[in-house]
Amino acid sequence: MSKKAENVVTMEKIVSLCKRRGFVYPSSEIYGGFAAIYDMGPYGVELSTNIKNEWWKYMVQIRPDIVGLDSAIFMHPRTWEASGHVSGFSDPLTECKKCHTRLRVDHLLEDIGVAADEKMSEKEIDKIFSENVKNIKCPNCGSKDFSGAKKFNLLVKSNLGNFTENWDKEPAYLRGETCQGIYVDYKNVLDSTRVKIPFGIAQIGKAFRNEITARQFIFRTREFEQMEMQYFVTEATEMTEYEKLKKYRWDFYTKVLGFDEKDLKWHKHENLVFYAKEAYDIEFNYPFGFKELEGIHARGDYDLTQHTKFSGQDLTYTDQTTGDKFMPHIIESSVGVGRTILAALCSAYCEEGEGESSRTVLKFPYKLAPIKVAVFPLLKNKPELVAKAREIFDSLTPSMMCEFDDNGNIGKRYRRQDEIGTPFCVTVDFDTLDDDTVTVRHRDTMKQERVKIVELDGFFHKHNL
Ligand code: ATP
């Protein structure tokens with residue numbers, strides 16, 4: 001009996017499609033996996049690269065006032081003292097006394113509607129936790145017996161360059177965020193390029209955090225990539241530039257990545273760290289609810305002031321026309337690649353049709369699709385069809401990611417391409433040998449049309465591939 005497909009995006013469906021179709025694999029799975037670490041499979045790495053390319057184009061290429069950077073993952077340990085990470089980069093942790101699951105106290109409180117966040121002191125959050133603990137159940141075993149809230153530092157330590165036994169007393173940290181590399185290189189960028197305030201420095205890179213609870217697939221991982229842009233401004237223009245950046249970043253999701261406005265919302269931080277002027281998150285409607293996709297913060301002059309203090313270097317800026325010397329203020333945009341990939345997958349996921357003709361399709365904007373065109377010979381055992389299809393495939397691959405597939409029936413090959421979001425499939429059949437035309441099938445409408453081989457380039461160009 002045919003069953004109507006339910007077009008509901010759940011994490012189970014996304015996780016299963018990601019594994020089945022080669023987007024995301026658990027890391028070191030043959031050894032049982034490694035908690036909160038994931039690998040990008042063949043289609044995941046294409047999707048991730050396309051997202052990063054779109055971000056780079058939008059944040060660097062079309063912005064004459066923003067330059068790029070790729071700073072190293074390892075930095076001088078003093079960096080993390082200056083930034084406050086050594087003393088204050090921590091999340092509040094509790095342990096269920098029955099099943100020993102470790103949980104984030106701020107998340108447990110959030111779940112019962114009590115405002116709390118990781119920036120509160122251990123004392124503050126422990127007080128709120130003990131006042132509300134009677135209403136909280138362990139999500140793993142249901143027990144109500146918890147240890148008190150304790151702050152746990154998230155920095156990941158290493159012995160890089162330290163050959164002593166006590167290396168953990170003076171560890172080299174794996175960076176907890178990419179922006180510190182931008183702050184410490186800001187003077188080099190000023191001295192070696194023609195940037196003038198207001199200007200930005202952008203980078204994409206890995207960051208590492210000892211996350212306590214990491215159970216939401218690629219939403220929260222211990223190794224992840226960030227796309228960050230730090231914008232250097234005067235104090236007087238900080239808040240007007242901040243509003244501009246907020247709008248610019250919102251447009252990235254709606255206009256560039258094609259997310260539905262209904263799946264996005266602003267979340268204003270009520271508990272600001274002492275130096276911040278304002279902080280908003282853009283939240284995305286994931287299957288587990290609206291959660292932070294990106295943070296946009298007005299950080300005042302805290303970062304450069306701290307690095308001046310700890311390095312002893314003068315990081316002030318001199319205005320070339322007025323001669324004024326001042327410490328720049330910074331506004332930032334910071335988003336995880338993994339959270340953007342997950343949002344793009346959820347936005348694109350569709351189930352259509354019924355029974356035999358039902359299909360799952362990822363309706364990515366074409367620019368995000370991992371494979372742009374799939375090329376099929378109708379039959380695998382007809383050398384003339386295979387040769388023609390290979391010829392077309394070879395002519396397209398220099399300009400876009402294509403896939404050649406001669407396995408199984410055409411219907412199954414279409415379904416497979418639908419599931420990875422390929423916008424077009426090209427089939428070479430017996431008519432091709434007579435009239436040099438192919439069937440082009442559109443992913444979204446499933447419509448098919450005949451196109452001359454010599455016109456394929458123009459056809460795909462017209463569709464912005
Ligand atoms: P959260 O409150 O969800 O822990 P955060 O406020 O600590 O996030 P930021 O420090 O502002 O996050 O980092 C900027 C961005 O980096 C986040 O908006 C998110 O997209 C991404 N990010 C942060 N931590 C992780 C993580 N553990 N895994 C994946 N992405 C992350």
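Predicted model: local features only at pLDDT ≥ 70, side-chain atom pairs only at ≥ 80, totals over all residues.
Residues are numbered from 1 along each chain as its sequence is written, and side-chain values use heavy atoms, with hydrogens and water left out.

Around the ligand there is a shell of 16 residues, where a residue belongs if one of its heavy atoms lies within 4 Å of the molecule. The closest are Glu211, Arg220, Glu292, Leu293 and Gly336. By class, the shell holds four nonpolar, five polar and seven charged residues; here Ala, Val, Leu, Ile, Met, Phe, Trp, Tyr, Cys and Pro count as nonpolar, Asp, Glu, Lys and Arg as charged, and the others, Gly among them, as polar. Three strands, β10 (223-233), β13 (289-298) and β16 (329-336), each supply at least two residues of the shell, and β13 gives the most, with four. Strands are DSSP runs of E with at least two residues, helices are runs of H or I with at least four, and both are numbered from the N terminus.

A backbone N or O atom of Gly336 lies 2.8 Å from a ligand oxygen atom, and a polar side-chain atom of Arg209 lies 3.0 Å from a ligand oxygen atom. Taken alone, the ligand exposes 590 Å², of which the protein buries 88%, with areas from the Shrake-Rupley method and a 1.4 Å probe.

Elsewhere, helix α1 (residues 11-20) meets helix α10 (residues 337-348): their axes, lines fitted to C-alpha atoms over the stretch in contact, come within 11 Å and cross at roughly 105°. The two helices are therefore roughly perpendicular to each other, a label for angles of 65 to 115 degrees. Met11, Ile14 and Cys18 of α1 make the contact with Leu342, Leu345 and Cys346 of α10, contact meaning heavy atoms within 4.5 Å. These residues divide into six nonpolar, no polar and no charged.

Finally, the backbone deserves a look. Most residues other than glycine have a negative phi, and most peptide bonds are trans. A cis peptide bond, however, joins Ile197 and Pro198, with omega about 5°; Pro198 is found in the loop between α7 (179-192) and β9 (199-208). His100, in the loop between β4 (90-95) and β5 (102-104), has a positive phi of about 65°.

Definitions and conventions: Axes fitted to C-alpha atoms, helices over the stretch in contact; angles between N-to-C directions. Parallel < 35°, antiparallel > 145°, perpendicular 65-115°, else oblique. Polar contact = N/O pair within 3.5 Å; in protein donor to acceptor, adjacent residues only side chain to side chain.
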